[in-house]
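Good morning, and thank you for coming. Please look at the structure on the screen while I describe its overall build.

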Amino acid sequence: METVLSGIRPTGNLHLGNYFGAVKSFVKLQDEYKCFFFIADWHSLTTHPKPADIQQSVRTILAEYLACGIDPEKAAIYVQSDVPEVLELYLYLNMNAYLGELQRVTTFKEKARKQPDNINAGLLTYPTLMAADIIIHRADKVPVGKDQEQNMEMARRFARRFNQMYEVDFFPEPASFAYSDKAVKVPGLDGSGKMGKSEGNAIYLVDDATTIRKKVMKAVTDAGPTLPNSEKPEPVANLFTLLEIVSPKSTYDYFNEQYNNCSIRYGDLKKQLAEDIIAFNTPIRERILSYSSDLPYMERVARMGAEKARESASKTLNEVRHIIGFRSC
Ligand code: ADP
Ligand code: TRP
């Protein structure tokens with residue numbers, strides 16, 4: 001059976017972009033594949049979070065994973081720092097990762113621009129740690145959003161390089177994977193670009209109805225179409241993309257027709273969009289609140305996940321040590 005793996009950094013609450021770009025696929029895949037879903041807490045250290053915040057952030061994502069429907073009986077749900085085997089593989093991969101190629105990764109360049117006072121080596125080697133996360137379980141498929149494509153390309157490259165260097169066919173090249181046929185990009189509400197935590201334009205799964213209404217009503221639009229069937233400029237196209245994602249097709253078609261015959265009232269569209277998001281969010285929000293208050297259960301889930309992940313990781317690592325030439329005396 002093929003193996004699926006993915007992770008998210010614990011840097012805030014999950015938003016609709018995380019859900020429709022990644023977590024929704026996790027939930028579907030757990031029925032068909034051997035699955036590992038983890039919380040990338042080592043990755044979050046690149047921005048130097050406060051010690052007191054780390055545990056809370058990890059718990060938040062864990063409760064949200066569970067609330068979205070990831071089932072600890074079907075998939076291994078674990079915290080990255082509970083699986084130290086990953087670090088040894090990270091070290092081996094770093095020996096064959098070159099400064100030039102790491103410096104050329106777009107996310108590194110962006111982060112270096114955003115935090116010029118903290119261009120640390122962890123930021124540079126982010127792609128090797130991510131590759132180690134993936135190939136430690138010899139994963140075949142990795143459900144992630146479009147923005148992770150370059151990191152995935154690096155993971156494939158490191159897996160291939162290891163195989164070539166030691167003349168083995170050991171690591172599969174992990175494929176980026178979207179459950180639907182193409183990677184999704186969920187737009188934000190501010191007129192351009194993607195929905196993201198740091199973009200400040202996100203609707204979180206834990207947002208209540210009042211917050212959602214307020215955010216959606218503030219979304220950027222324009223003066224409205226003046227010619228029938230005109231192309232939608234980005235802010236409006238984004239609202240339609242959100243409708244496409246959370247509303248029934250009939251709602252999308254209704255507003256699309258109104259747009260095409262120039263009778264659309266954006267206020268009505270936003271009201272409907274807000275209600276559809278609320279209908280989607282409400283049951284998830286309730287489950288988030290209920291899991292968050294059950295720490296013993298979450299601890300059990302994390303322990304069970306770590307056990308499964310360590311078993312799989314140490315098996316890979318034993319073989320890797322052997323391939324590299326380490327033998328116990
Ligand atoms: P953020 O951009 O809010 O910091 P992350 O980078 O932690 O989110 O992303 C976690 C996962 O969610 C990744 O798989 C990423 O590809 C996916 N993701 C994040 N934002 C979006 C979005 N707007 N559309 C699609 N997928 C997304
Ligand atoms: N880089 C991913 C993100 O920012 C998180 C991540 C770390 C990851 N390791 C991974 C995703 C391994 C998939 C597989 O969203």
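Let me begin with contacts, which count when heavy atoms lie within 4.5 Å. In the chain, 79% of the contacts with a separation of 6 or more are made by residues 24 or more positions apart.

A word on the source: this is a predicted model, in which local features need pLDDT of at least 70, side-chain atom pairs count only at pLDDT 80 or more, and totals for chains, interfaces and linings use all residues. Residues are numbered from 1 along each chain as its sequence is written, chains are lettered from A and ligands numbered from 1 in the order in which they are written, and side-chain values use heavy atoms, with hydrogens and water left out.

Next, the overall dimensions. The C-alpha trace spans about 80 × 45 × 40 Å along its principal axes.

Of the 329 residues, 48% are buried, meaning under 20% relative accessible area with a 1.4 Å probe, protein chains only.

Finally, the domains, whose bounds come from an automatic or database domain assignment. Domain 1 covers 3-184 + 295-324, and domain 2 covers 209-289. How far apart are their centres? Taken over C-alpha atoms, the centres of domain 1 and domain 2 are separated by 33 Å. Between them, 8 residues of domain 1 are in contact with 8 residues of domain 2.

Note on methods:
Buried means under 20% relative accessible area, exposed over 50%, partly exposed in between (1.4 Å probe, protein chains only).
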